[in-house]
Amino acid sequence: MATFSTTEPPFRFRQGTRPLLISMPHVGTHVPPALAERLTGEARQVPDTDWHLEQLYDFADELGASVLVATHSRYVIDLNRPPDGASLYPGQSVTGLCPVDTFDDTPLYADPKDGPDEAEIAQRREAIWRPYHAKLAEELARLRAAHGMAALWDAHSIRSVLPRFFEGRLPDLNLGTADGASCDPQLAARLLAIGKEATGYGAVLNGRFKGGHITRHFGNPAGGVHAVQLEMTQCSYMQEALPFDYLPAVAAGVKPHVRRMLEAVLAFVEKG
């Protein structure tokens, strides 16, 4: 029976001054060496990472936002899944809480018998998932106490073409508010309008991506927390294939639109 341990902290956190928390649950690339030994060569390159989002959102500190960044790869544990691993999109193909396959539906583990059992999943959950979600809850509570209202922006990116999950090419700016349950509809409409105004980019609200567990669990407009997930196409700012390079000239096109969205979020919550 495999056991799980890690020497890396579960997250990095910077506290801001305004009522906005940006969460980046899928940017982590760390896989503990003992676990990496069980993975395929492809999996060790962690290709399904939300690459370079810290660089894309490098204006976050200037906006006064708090920023919470995952350190471990989603192949270790997916921080945007429910702790019991229940599917967020019943009937559709999804990866699990502790995945055993890649987005291309190839095995993560060189030997299928090396996948995590329930005991190891519980260890990963206690070491990484619970601390990350505890920090989310703690910071949102602090922001609400300090400002009366808080916003949570869950930042994601994904390859623009992934037949396992969607047909054709994904729109560039995929806003999710759990079909309106996690965010005030006026704010959601404003964000979609900003996306629609972004020349050269496609935008949609509650399309293929409606927000994962973080958005759905923490979003509570009646309780003063407005949560939004933005799933961006990676081709909007980076190479979608190895070596997954950040492309500053490409990113410069989309970054102002993302910043406008976050400024709109702050304007909304600070207006109260």
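Tutor: Start with Arg164 and Asp101, which are both buried. Keep in mind that this is a predicted model.

Student: What makes Arg164 and Asp101 a salt bridge?

Tutor: The closest N and O atoms of Arg164 and Asp101 are 3.4 Å apart. A salt bridge needs a side-chain nitrogen of Lys or Arg within 4 Å of a carboxyl oxygen of Asp or Glu. The value of 3.4 Å meets that cut-off, so the pair counts.

Student: Why is this pair said to tie parts of the chain together?

Tutor: Arg164 sits in the loop between β4 (150-158) and β5 (173-176), while Asp101 sits in the loop between β3 (66-70) and α5 (118-147). The two parts are 63 residues apart in sequence, so the bridge ties them together.

Student: Which residue touches both Arg164 and Asp101?

Tutor: Thr95 does; among its other contacts are Arg74, Asp78, Arg81 and Phe165. Thr95 lies in the loop between β3 and α5.

Student: How do you know that Thr95 is buried or exposed?

Tutor: Its relative accessibility is 3%. Buried means under 20%, so Thr95 counts as buried.

Student: What about Glu54 and Arg14, where the closest N and O atoms are 3.9 Å apart?

Tutor: The limit is 4 Å, and 3.9 Å is within it, so Glu54 and Arg14 form a salt bridge. Glu54 is in helix α3 (residues 53-56) and Arg14 in strand β1 (residues 11-14), 40 residues apart. Both belong to a network of salt bridges that also links Arg12 and Asp61.

Student: Why is Glu54 called partly exposed?

Tutor: Its relative accessibility is 33%. Partly exposed is the range between buried, under 20%, and exposed, over 50%. Glu54 falls in that range, so it counts as partly exposed. Arg14 has a relative accessible area of 33% and is partly exposed too.

Student: What makes Asp58 and Lys255 a salt bridge?

Tutor: Their side chains meet at 3.1 Å, N to O, and the cut-off is 4 Å. Asp58 lies in the loop between α3 and α4 (60-63) and Lys255 in helix α8, so this pair ties together parts 197 residues apart in sequence. Asp58, at 48% relative accessibility, counts as partly exposed.

Student: How many salt bridges does the structure hold?

Tutor: It holds 24.

Student: Why is helix α6 called roughly antiparallel to helix α8?

Tutor: The axes of α6 (residues 185-197) and α8 (residues 248-271) come within 10 Å and cross at roughly 160°. Angles over 145 degrees count as roughly antiparallel, so α6 is roughly antiparallel to α8. The crossing is right-handed.

Student: Which residues meet there?

Tutor: From α6 they include Leu187, Leu191 and Ile194, and from α8 they include Met261, Val265 and Phe268. By class, the contact has seven nonpolar, three polar and three charged residues.

Student: How do you know that His226 is buried or exposed?

Tutor: His226 has 5% relative accessibility, and the cut-off for buried is under 20%, so His226 counts as buried. Its place is in strand β7 (residues 225-233). Among the residues in contact with His226 are Leu187 and Phe268.

Student: How far apart are the C-alpha atoms of His226 and Val265?

Tutor: They are separated by 8.7 Å, and the two residues are 39 residues apart along the chain.

Note on methods. Residues numbered from 1 in each chain as written. Predicted model: local features only at pLDDT ≥ 70, side-chain atom pairs only at ≥ 80, totals over all residues. Heavy atoms only, no water. Axes fitted to C-alpha atoms, helices over the stretch in contact; angles between N-to-C directions. Helix = DSSP H or I, 4+ residues; strand = E, 2+ residues; numbered from the N terminus. Parallel < 35°, antiparallel > 145°, perpendicular 65-115°, else oblique. Left-handed = near helix turned anticlockwise from the far one by under 90°. Contact = heavy atoms within 4.5 Å. Nonpolar A, V, L, I, M, F, W, Y, C, P; charged D, E, K, R; others polar. Buried < 20%, exposed > 50% of the residue type's maximum accessible area, 1.4 Å probe, protein only. Lists of a residue's contacts leave out its neighbours within four places in sequence.
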